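Thanks for coming, everyone. Please look at the sequence and the structure on the screen.

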Amino acid sequence: MLEFNHKNASKLIHNLVDEIFDYSCQHFGICEGDYPKVRVYMKDDNCYFEPKTNKIRIGIKYVDKAFYYHEYSHIKHDHDIGMFPCVMENEEGDIVSNWVKYVSAVVAHEMAHFVDIMTQSKIDIPENMVYYSPNDINDVEQREYHDARWQHIYRTLRNKFVNEI
Ligand SMILES: [Zn+2]
């Protein structure tokens, strides 16, 4: 199990952003020049993509204590993009947090926003796609951010980069 610290987490996050960016260039048609600025913080757990500055902020306090990865309630029961128990057995046989999987899911969530914003309306949503209405989200802007196209992108990234960890 990789030790949880800023250096290891930052390396993991930057590598995964690289991988998802390359994949998204090929599959979602984002442009080379759009690469997001990624910043990792240990002091809180705020995570978001900020379209105006093209910045992805990943706050990772508590992730080494988290036994569940949580999601918005409209998608949390979905097999691919919902919440999941985030645990593993360590060398001593104790059940501990699988923080690598947790952080990877956070990166996939925020990179799905990045891809969604950068490709506005260019990505076709599959006709038979399972879709959940984000009725439970009060903020109008946040509702739009977690709508159908984002769910499609997030599902693709979760299945490709996170769910099999
Ligand atoms: Zn989000």
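Start with a term. A residue is buried if 20 or more other C-beta atoms lie within 10 Å of its own, exposed if 12 or fewer, and partly exposed in between, with C-beta atoms placed from the backbone. Next, the background. This is a predicted model, where local features need pLDDT of at least 70, side-chain atom pairs count only at pLDDT 80 or more, and totals for chains, interfaces and linings use all residues. Residues are numbered from 1 along each chain as its sequence is written.

Now His74. Is it buried, exposed or partly exposed? His74 has 19 C-beta neighbours inside 10 Å, so it counts as partly exposed. You'll find His74 in the loop between strand E4 (68–69) and strand E5 (84–85). Helices (H or I, at least four residues) and strands (E, at least two) are DSSP runs, numbered from the N terminus. Beyond its neighbours within four places in sequence, His74 is in contact with Tyr132, Ser133, Pro134, Asn135 and Asp136. Contact means that the C-beta atoms of two residues, placed from the backbone, lie within 7 Å.

On to helix packing. Two packed helices are described by the angle between their axes and the distance between the axes. Axes are lines fitted to C-alpha atoms, for helices over the stretch in contact, and angles run from 0 to 180 degrees between N-to-C directions.

Take helix H1 (residues 6–27) and helix H2 (residues 99–118). Their axes are 10 Å apart, at an angle of about 40°. That makes H1 oblique to H2. The cut-offs: under 35 degrees is roughly parallel, over 145 roughly antiparallel, 65 to 115 roughly perpendicular, and the rest oblique. The H1 side of the contact includes Leu12 and Leu16, and the H2 side includes Val103 and Val107. By class, this contact has twelve nonpolar residues, two polar and no charged. Ala, Val, Leu, Ile, Met, Phe, Trp, Tyr, Cys and Pro count as nonpolar, Asp, Glu, Lys and Arg as charged, and the others, Gly among them, as polar.

H2 also meets H4. Their axes come within 9 Å and cross at roughly 140°. That makes H2 oblique to H4.

Last, helix H4 (residues 148–161) itself. How many of its 14 residues are buried? Ten are, so H4 is largely enclosed by the rest of the structure. Among the buried ones are Trp150, His152 and Tyr154. Their cover includes H1, H2 and helix H3 (140–145).

How values were computed:
Expected span 1.5 Å × (residues − 1).
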